Amino acid sequence: MKKKSLCIDIYEVEDENELSPDDIKLIHLARKMTFNAYAPYSEFYVGSAILLENGEIVTGSNQENAAYPSGICAERVCVFSASSQYPNVKMKAIAVAARNPRESMNYPISPCGSCRQVLLEFEHKQKEPIKILLTGEYGKVFIITKAEDLTPISFSSDDLKRLLL
Ligand code: THU
């Protein structure tokens, strides 16, 4: 048996001034977008913002439904919106922020499995990394330099191609 270990880098930023102006803007927009969430069931509000290569910014928030599984996370709202409005423009970075009225959130949240898979799809498609910025309502920011780091040993279109051969 051979042991294989994985290592990923996560940058923890305590002081916003360490971030680039683009990253600060994206974080602030994601936090603002938590107020656009439709989350009457969980009352957990998530906002996101994507910076595109052409300088445009696309935003999103979580959208819930009385039929719970029909709801969708802020990250996927944002990524799908960016892809449908700007189909061939690369995504440079996505910021994700969460707000929970039951406690003041000074720590980051991390995307669920489905959102990681979707981010990975578009990262593979564009053949360039999507930087991921994670934060709470305020406080520190985690930076992950590419979606692949959040989803190692993933299933992708490469596997489908192999099946078809
Ligand atoms: N949610 C997101 O929008 N993004 C995440 O990264 C985690 C969870 C949403 C889904 C649901 O509307 C609510 O937060 C509670 O899970």
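**Helix packing, a buried strand residue and the cysteines**

In helix α2, the buried residues are A74, E75, R76, C78, V79, S81, A82 and S83, where buried denotes under 20% relative accessible area, exposed over 50% and partly exposed in between (1.4 Å probe, protein chains only). The model is predicted, so that local features need pLDDT of at least 70 and side-chain atom pairs count only at pLDDT 80 or more, whereas totals for chains, interfaces and linings use all residues. Residues are numbered from 1 along each chain as its sequence is written, and side-chain values use heavy atoms, with hydrogens and water left out.

Helices (H or I, at least four residues) and strands (E, at least two) are DSSP runs numbered from the N terminus. The twelve residues of α2 reach 16 Å from the first C-alpha to the last, close to the 16 Å expected at 1.5 Å a residue, the expected span being 1.5 Å times one less than the number of residues. The cover over the buried residues of α2 includes β2, β3, β4 and α3 (113-126). For helix α1 (residues 21-33), the 13 residues should span 18 Å, and the end C-alpha atoms are 18 Å apart, which agrees. Its buried residues are D23, I24, L26, I27, A30, R31 and M33, and these pack against β2 (45-52), β3 (57-61), β4 (91-99), β5 (131-135) and β6 (141-144).

Within strand β4 lies V96, which is buried at a relative accessible area of 1%. V96 and P111, 15 residues apart in sequence, are 8.1 Å apart in space, C-alpha to C-alpha.

The number of disulfides, defined as pairs of cysteine sulfur atoms within 2.5 Å, comes to zero. The sulfur of C78 has its closest cysteine sulfur in C115, at 10 Å, which is too far for a bond, and C78 is itself buried, with a relative accessible area of 0%. For C112 the closest cysteine sulfur is also in C115, at 3.7 Å, again too far for a bond, while C112 counts as partly exposed at 31% relative accessibility.

In the loop between β3 and α2 (74-85), Y68 is exposed, with a relative accessible area of 59%.

Key
Contact = heavy atoms within 4.5 Å.
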